[in-house]
Amino acid sequence: MIDTSSGHDRVGRALDDAGITPLAVLRAHHFSTLPETLVASGAAAIVPRRVARMFARRWPLRARPLDGLVEEFHVRLFASPTLHPTAARRWFLTVLEDAVRAFAVEADTALYADAHGSDARST
């Protein structure tokens with residue numbers, strides 16, 4: 001399980017709400033520590049869909065959806081308009097906004113592929 005101190009506590013709350021007590025043999029502080037551990041141990045982990053797809057592309061792991069376990073949520077970018085209102089800052093915020101939008105489009109495309117039988121592993 002990912003330690004809740006990292007801010008990733010949605011899955012833990014969803015499992016609690018469902019009355020499920022997971023058998024957690026490892027608590028990690030970040031998703032990046034999981035792939036090698038999963039490959040070496042044969043264990044499983046619940047991670048965000050995008051993280052699962054990335055792991056499956058780079059490691060001998062398979063991604064499977066757990067639809068309905070955790071409700072979808074929105075990512076927002078907040079910035080104070082009065083803090084350093086420069087052209088460089090406006091440009092940087094535009095770059096961040098474009099990156100988040102591109103991420104969302106890629107995630108939607110991946111969800112469509114998953115829903116239509118595509119395997120998350122690349123060949």
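## L38 and its surroundings

Start with L38, which touches A43, A44, A45 and L61, leaving aside residues up to four places away in sequence. Contact here means heavy atoms within 4.5 Å. This is a predicted model, so local features need pLDDT of at least 70 and side-chain atom pairs count only at pLDDT 80 or more, while totals for chains, interfaces and linings use all residues. Residues are numbered from 1 along each chain as its sequence is written, and side-chain values use heavy atoms, with hydrogens and water left out.

**The chain as a whole**

The protein chain has four helices and zero strands, running α-α-α-α from the N terminus on. Helices (H or I, at least four residues) and strands (E, at least two) are DSSP runs, numbered from the N terminus. Of the 123 residues, 17% count as buried; buried means under 20% relative accessible area, exposed means over 50%, and partly exposed is in between (1.4 Å probe, protein chains only). The accessible surface comes to about 9,600 Å², and 58% of that belongs to carbon and sulfur atoms. Areas come from the Shrake-Rupley method with a 1.4 Å probe, and for residues only the protein chains shown count as cover. Among contacts between residues at least 6 apart in sequence, 52% join residues at least 24 apart.

**The core and α2**

L38 also belongs to the largest nonpolar core, which has eleven residues in all: A28, F31, L34, L38, V47, V51, A52, F55, A56, L61 and A63. The elements giving two or more residues to this core are α2 and α3 (49-58), and α3 supplies the largest share, four residues. A nonpolar core is a set of buried Ala, Val, Leu, Ile, Met, Phe, Trp, Tyr and Cys residues joined through side-chain atoms within 4.5 Å.

Now for α2 itself: its buried residues are L34, P35 and L38. Seen down the axis of α2, they fall within an arc of 95 degrees, so they line one face of the helix. The arc is that of the directions from the helix axis to the C-beta atoms. These buried residues pack against α3, whereas E36 and A40 are exposed on the other side of α2. After α2 comes G42, with a positive phi near 75 degrees.

Over in helix α3 sits R58. The C-alpha atoms of R58 and P35 are separated by 8.9 Å, although the two residues are 23 apart along the chain.

**Out on the surface**

L23 lies in the loop between α1 (10-17) and α2 (34-41). Together with V25 and L26, L23 forms a nonpolar surface patch of about 350 Å² accessible area. Patches are made of residues with over 30% relative accessible area and no salt bridge; like charges are joined within 9 Å, nonpolar side chains (Val, Leu, Ile, Met, Phe, Trp, Tyr) within 5 Å.

The structure holds one salt bridge, with R101 and E97 as partners and their closest N and O atoms 2.7 Å apart. A salt bridge is a side-chain nitrogen of Lys or Arg within 4 Å of a carboxyl oxygen of Asp or Glu. R101 and E97 are four residues apart in helix α4 (residues 87-115), which means about one helical turn separates them.

| Residue | Relative accessible area | Class |
|---|---|---|
| L23 | 77% | exposed |
| R58 | 63% | exposed |
| E97 | 36% | partly exposed |
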